[in-house]
Amino acid sequence: MPTDGPAGEPPARSKRADAQRNRRTVLSAAAEVFVTSGVDAPIRQIAARAGVGMATIYRHFPTRADLVTAVYRHQIEACAEAGPALLAGAGSPLDALRRWIDLFVDFLVTKHGLADALQSDSDRFAALHTYFLDRLLPVCAQLLDAAVDAGEIRPGTRPYELLRGIGNLCVGRDSDPRYDPRRLIELLLQGLQQPRPA
């Protein structure tokens with residue numbers, strides 16, 4: 001059983017848990033700030049949102065590129081983990097696919113500005129893109145396969161095509177307030193559905 005360290009300090013395991021919790025809090029706060037203020041938002045704004053000191057952020061993420069990369073990976077993981085959970089809990093595979101695509105669109109918005117932030121480190125960006133594909137393509141495939149097996153959508157849609165198409169529909173959202181990609185994405189999903197028998 002762990003005991004307190006010298007001078008009543010908490011055990012190392014508790015410190016590690018606190019550090020992990022702080023890290024997750026910072027990542028969530030940074031993702032929210034990036035949506036509203038972009039990846040160049042002041043670190044003090046992220047610290048205030050997370051309820052931590054700036055030193056905590058710099059301890060975990062020494063450079064802005066480190067922070068942006070970590071936020072990107074954090075968002076990829078959240079999106080990847082949501083797929084199986086939605087499939088298990090949604091009313092139908094198509095409903096799970098719709099809800100997952102909605103999360104994916106949110107993720108694309110959070111990712112806005114990432115390429116500029118990492119321009120000086122193209123190897124890092126390439127690795128992130130590979131990670132993105134490795135984590136999200138299998139989840140998308142699982143959701144598509146389940147919807148096909150349930151007879152809800154037509155077979156033949158490849159996961160890469162769908163994610164790329166959704167990504168393309170999201171381009172321009174930030175520069176034109178009249179444009180809502182979600183409406184066109186809904187039309188895309190309607191086009192995937194199997195026609196109902198008359």
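Colleague: What does the secondary structure of the chain come to, and what pattern does the chain follow along the sequence?

Modeller: In this predicted model, the secondary structure comes to nine helices and zero strands, and reading along the sequence gives the pattern α-α-α-α-α-α-α-α-α.

Colleague: How do you know that the span of H4 agrees with what a helix should have?

Modeller: The 26 residues of H4 should span 38 Å at 1.5 Å a residue, and the C-alpha atoms at its ends are 37 Å apart, so the two values agree.

Colleague: Why is Ala29 called buried?

Modeller: Ala29, which is found in helix H1, has a relative accessible area of 3%, and because buried means under 20%, a residue with that value is called buried. Leaving aside neighbours within four places in sequence, Ala29 is in contact with Ile46, Arg49 and Ala50. The C-alpha atoms of Ala29 and Val71 are separated by 9.4 Å, although these residues are 42 residues apart along the chain. For the chain as a whole, buried residues make up 35% of the 198 residues.

Colleague: Is Leu103 buried or partly exposed, and what makes it so?

Modeller: Leu103 has a relative accessible area of 35%, and since this value lies between the cut-offs of 20% and 50%, Leu103 is partly exposed. The place of Leu103 is in helix H5, where it touches Cys79, Ala82 and Leu86, if residues up to four places away in sequence are not counted. Leu103 and Ala82 are 21 residues apart in sequence, and their C-alpha atoms are 8.4 Å apart in space.

Colleague: What makes the pair Arg21 and Asp18 a salt bridge?

Modeller: The closest N and O atoms of Arg21 and Asp18 are 2.2 Å apart, and because a salt bridge needs such atoms within 4 Å, the pair qualifies. Both residues lie in helix H1, three residues apart, which is about one turn of the helix. Arg21 counts as partly exposed at 43% relative accessibility, and Asp18 also counts as partly exposed, at 33%.

Colleague: Why can residues with that spacing in a helix point the same way?

Modeller: An α-helix has 3.6 residues a turn, so residues three or four places apart point the same way. Side chains of opposite charge can then pair when their charged atoms come close. A further case is Asp95 and Arg99, whose side chains meet in a salt bridge of 3.5 Å, N to O, and which both lie in helix H5, four residues apart, about one turn of the helix.

Colleague: How do you know that the salt bridge between Arg49 and Glu32 ties together separate parts of the sequence?

Modeller: In the salt bridge between Arg49 and Glu32, the closest N and O atoms are 2.8 Å apart. Arg49 lies in helix H2 and Glu32 in helix H1, so the pair ties together parts that are 17 residues apart in sequence. Arg49 counts as partly exposed at 43% relative accessibility, and Glu32 is partly exposed with a relative accessible area of 41%.

Colleague: How many salt bridges does the count come to, and which residues are linked in a network?

Modeller: The count comes to nine salt bridges, and Asp102, Asp106 and Arg182 are linked in a network of them.

Colleague: Which residues touch the most other members of the largest nonpolar core?

Modeller: The largest nonpolar core has 33 residues, of which Trp100, Ile101, Phe104, Leu136 and Ile166 touch the most other members. The elements giving two or more residues to this core are H4, H5, H7, H8 and H9. A second, separate core of 20 residues includes Ala31, Ala41, Ala47 and Phe61.

Colleague: What makes the link between Glu152 and Ser92 a polar contact?

Modeller: The side chains of Glu152 and Ser92 are joined at 3.2 Å, and because the cut-off for a polar contact is 3.5 Å, this distance falls within it. Glu152 is found in the loop between helix H7 and helix H8.

How values were computed. Residues numbered from 1 in each chain as written. Predicted model: local features only at pLDDT ≥ 70, side-chain atom pairs only at ≥ 80, totals over all residues. Heavy atoms only, no water. Polar contact = N/O pair within 3.5 Å; in protein donor to acceptor, adjacent residues only side chain to side chain. Core = buried A, V, L, I, M, F, W, Y, C linked by side-chain atoms within 4.5 Å. Buried < 20%, exposed > 50% of the residue type's maximum accessible area, 1.4 Å probe, protein only. Expected span 1.5 Å × (residues − 1). Contact = heavy atoms within 4.5 Å.
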